[in-house]
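Have the sequence and the 3D view open as you read.

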Amino acid sequence: MGEQPDRYDYAGAQVPGPLTAEMAARQLERRRAQKAQRKQREKEEREEKQQQAQEQEEKRHFAALSEREKRALAAEKRLAAQLLDSGGTLTNTRRCWLCGETLLGRIPFHYLDFSFCSTRCLQAHRRGRAALP
Ligand SMILES: [Zn+2]
């Protein structure tokens, strides 16, 4: 409309007024800013939803744990904190009495003072002791 004022029936098409280059540039800039804002908002919403989903999953997972598993988890957190305090070495990590597998992140099986990564190791150890003179 700004460049070709007589070419079309602008009034009939209800075009509000001529669009100058400056106006067009401003409009484009505004649209870009709005788009960027919308994108940012969508990103934040997505992240928030993801966090909520993660929290729900953790909550559900924790609630589904047995008493034993919850206790093991708590003990493990204390151990992890201790490890962090002592410089992060794993030398004090509890290990399976039989195969030496780390018990960090596992729910150990106990009998007497021994801890094992699996019932297989526990039973093998128990059998070994029974076989002793
Ligand atoms: Zn083991």
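## A leucine in helix α3

L122 lies in helix α3, which covers residues 119-131. Helices here are DSSP runs of H or I with at least four residues, strands are runs of E with at least two, and both are numbered from the N terminus. L122 counts as buried, at 9% relative accessibility. In this report, buried means under 20% relative accessible area, exposed means over 50%, and partly exposed is in between, with a 1.4 Å probe and protein chains only. L28 sits 94 residues from L122 along the chain, and 71 Å separates their C-alpha atoms.

## How to read the model

The model is predicted, so local features need pLDDT of at least 70 and side-chain atom pairs count only at pLDDT 80 or more, while totals for chains, interfaces and linings use all residues. Residues are numbered from 1 along each chain as its sequence is written, and side-chain values use heavy atoms, with hydrogens and water left out.

## Salt bridges

How many salt bridges are there? The count comes to four, where a salt bridge is a side-chain nitrogen of Lys or Arg within 4 Å of a carboxyl oxygen of Asp or Glu.

One of them joins R26 and E22, at 3.2 Å from N to O. These two residues are four apart in helix α1, so about one helical turn separates them. R26 is partly exposed at 46% relative accessibility, whereas E22 is exposed at 56%. Another pairs E57 with R60, whose closest N and O atoms are 3.1 Å apart. Here the spacing is three residues in helix α1, again about one helical turn. E57 is partly exposed, with a relative accessible area of 42%. R106 and E101 also meet in a salt bridge, at 4.0 Å from N to O. R106 is partly exposed at 33%, and E101 is partly exposed at 35%.

E45 belongs to helix α1, residues 21-64, and is partly exposed at 45%. R41 is also placed in helix α1, and it is partly exposed at 46%.

## Cysteines

How many disulfides does the structure hold? The number is zero, taking a disulfide as a pair of cysteine sulfur atoms within 2.5 Å. C117 is buried, with a relative accessible area of 12%, and C121 is buried at 3%.

## A loop residue with positive phi

L112 is not a glycine, yet its phi is positive, at about 50 degrees. This residue sits in the loop between β1 (109-111) and β2 (114-116). Is L112 buried or exposed? At 61% relative accessibility, L112 counts as exposed.
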